[in-house]
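Here is a short briefing to read alongside the model. Have the viewer open, and click through the residues as they come up.

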Amino acid sequence: MKKIAVIGAGYVGLVTGACFAQKGNTVIIVENNQNKISQLLQGNIPFYEPGLDLIVHEAIKNKTLIFENNIAQGLSHNPEIIFSCVGTPSLPNGAADLSFVQQVAHEIGSLITSYTLIVNKSTVPVGTADKVKNIIIDRLVQRNLQITFDVASNPEFLKEGDAISDFLVPDRIVIGIESQQAADLLYALYRPFVKHNDQILCMNVKSAELTKYASNAMLATRISFMNQLAQLADKLGADIEEVKLGMAKDKRIGAQFLNAGIGYGGSCFPKDIKALAYIGKEVLFPMTLIQEVDNINHFQRVWFINKISTHYGPALANKTVGIWGLAFKPETDDIRSAPSLDLIDDLITRGSKIIAYDPVASENIAAHYGNAITYAHSAQQVIDQADFLVILTEWKEFLGTKTDSFSKLKDKVIFDGRNCFNPQVMHDAGITYTCVGRNSVTEQTSKPKPARAELCRSIEAYDRN
Ligand code: UDX
């Protein structure tokens, strides 16, 4: 077992530290926000992540998880490996802000007294490990110290809402290393997390740094591709959900990250797509496809909001708009780059009243908007008080709603940014239902029911005989 320091108790740092501790390592988490540490020591996790509280409580109880509020205190435990999990937010030009990463490197270079492996786990631009290494070398020279150290890249692939399972049962571990010592340390640390040793991919540091951006960009590209295809489907009279099923059966395509909707949000895709585009610009190789992925994502949100304003026009000023879902995705309270922020801003500008419900993210929205909007305690309360409904996050509790529950919705109008319901069922229930890439289905039902339903039944009947 190892003694590990983790710098930063955010989504990545806290999950990383807790899961390493669960495997029996001793982990020191360094967090400079003392209030956050006090909360954690009382067993309160400062954000919603299913299952994280149990693992943190267990590790604190077993004394395998220790908290310190500065790097000097953290390194006084002589950790062999230091994971840097600090934030790399977007700068106005889209570049990643490395000031926190560089600050950590400076402090580490000022404090280490023996071999230490420093691991960048935050998403950082290609070449950051070299920058970290040079900062540490400079500090060691200034301290007139001759000690060896390594800097490795070990990007994280956890999804918010699934963070624990993503960390404990990873598809793969990517480690970018430059020495056998670093490779051996990280291999031994991660081997207990994987079934097969070929899931631990050793590569050069720059490849590991780029793999993170490449993976997120691929996932975001799938989403923007489906969203652009959904716009085409609406113009052609196709149903994007059927098209998705038709595509997903191809093993080379698969079913995940093909859901059309209002587009991606969160703290990663928007930031990482912009950062990758910027990395391309920096080396005079514009990543035009990635730029278009970002443009499509932006368009999807504008298109959806325009659908609402076009439907109601100036009457929006006198409407009470119901919103289901404020978080950027289900199973998280994170509202960073969430579609709800753009929609609420637009509706407030138009003078609409807003009543919103989210199972866990209302508090974070309230920190932004205060009493400018009303926060409902249930999805049904929104229906009871709103003129029409906008769905922005596909929380499981919304998906089972029966159409007669919507009967109290004054206008019987729903704009669904996450394709939660069947347009034909909604249409048959007398609801004006707008979604993404399936709207022609509603128009079709005003004509004779398509033979498709009978045809599919006859295929199933054929199988039964
Ligand atoms: C993402 C990556 O999945 C993860 O590997 C990386 O480490 C961090 O960034 P996260 O942003 O937490 O994780 O959530 P994710 O489940 O990827 O969803 C991102 C956004 O894409 C959400 O807004 C979600 O609503 C949207 N999305 C996802 C779609 O619009 N369609 C889909 O099919 C899937």
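Which backbone oxygen does the side chain of T88 reach at 2.9 Å? The answer is the backbone oxygen of T123. This is a predicted model, in which local features need pLDDT of at least 70, side-chain atom pairs count only at pLDDT 80 or more, and totals for chains, interfaces and linings use all residues. Residues are numbered from 1 along each chain as its sequence is written, and side-chain values use heavy atoms, with hydrogens and water left out.

**The ligand and its shell**

- The ligand is surrounded by 20 residues, and the closest are F157, L158, E160, K212 and K329; a residue is near the ligand if one of its heavy atoms lies within 4 Å of it.
- By type, the shell holds 10 nonpolar, four polar and six charged residues. Here Ala, Val, Leu, Ile, Met, Phe, Trp, Tyr, Cys and Pro count as nonpolar, Asp, Glu, Lys and Arg as charged, and the others, Gly among them, as polar.
- Helix α9 (residues 205–236) gives the largest share of the shell, four residues. Helices (H or I, at least four residues) and strands (E, at least two) are DSSP runs, numbered from the N terminus.
- Polar contacts are pairs of N or O atoms within 3.5 Å; within protein, one must be able to donate a hydrogen and the other to accept it, and residues adjacent in sequence count only if both atoms are side-chain atoms.
- A polar backbone atom of L158 is 2.7 Å from an oxygen atom of the ligand.
- From the side chain of K212, an N or O atom is 2.8 Å from a ligand oxygen, and a polar side-chain atom of R418 lies 3.3 Å from an oxygen atom of the ligand.
- On its own the ligand has 670 Å² of accessible area, and the protein covers 92% of it. Accessible areas come from the Shrake-Rupley method with a 1.4 Å probe; for residues, only the protein chains shown count as cover.

**Nonpolar cores**

- The largest nonpolar core has 60 residues, of which I323 and W324 touch the most other members. Such a core is a set of buried Ala, Val, Leu, Ile, Met, Phe, Trp, Tyr and Cys residues joined through side-chain atoms within 4.5 Å.
- Helix α12 (residues 288–312) supplies the largest share of this core, five residues.
- Beyond its neighbours within four places in sequence, I323 has contacts (heavy atoms within 4.5 Å) that include L343, I344, L347, Y357, V382 and L392.
- Another core lies apart from it, with 46 residues, among them F47, L158, L168 and I177.

**Buried residues in loops**

- T88 sits in the loop between β4 (81–84) and α5 (99–111). T88 counts as buried because its relative accessibility is 5%; buried means under 20% relative accessible area, exposed over 50%, and partly exposed in between (1.4 Å probe, protein chains only).
- Not counting residues up to four places away in sequence, T88 touches several residues, including D97, V101, T123 and K271.
- Q199 belongs to the loop between α8 (180–190) and β8 (200–203), and it counts as buried at 17% relative accessibility.
- With residues up to four places away in sequence set aside, Q199 touches P170, D171, R172, I173 and V194.

**Residues in helices**

- Is T310, at 64% relative accessibility, buried or exposed? T310 counts as exposed, and its place is in helix α12.
- A polar atom of the T310 side chain lies 2.5 Å from the backbone oxygen of N306.
- Q231 is in helix α9 and is buried, with a relative accessible area of 13%.
- Between Q231 and Q300 there are 69 residues of separation in sequence, and their C-alpha atoms are 8.9 Å apart.
- S362, in helix α14 (residues 362–369), counts as buried at 14% relative accessibility.

**Positive phi angles**

- E331 is not a glycine, yet it has a positive phi of about 65 degrees. E331 lies in the loop between β9 (320–324) and α13 (339–350), and is partly exposed at 25% relative accessible area.
- K412, also not a glycine, has a positive phi of about 50 degrees. The loop between α16 (396–399) and β13 (413–416) holds K412, which is partly exposed with a relative accessible area of 29%.
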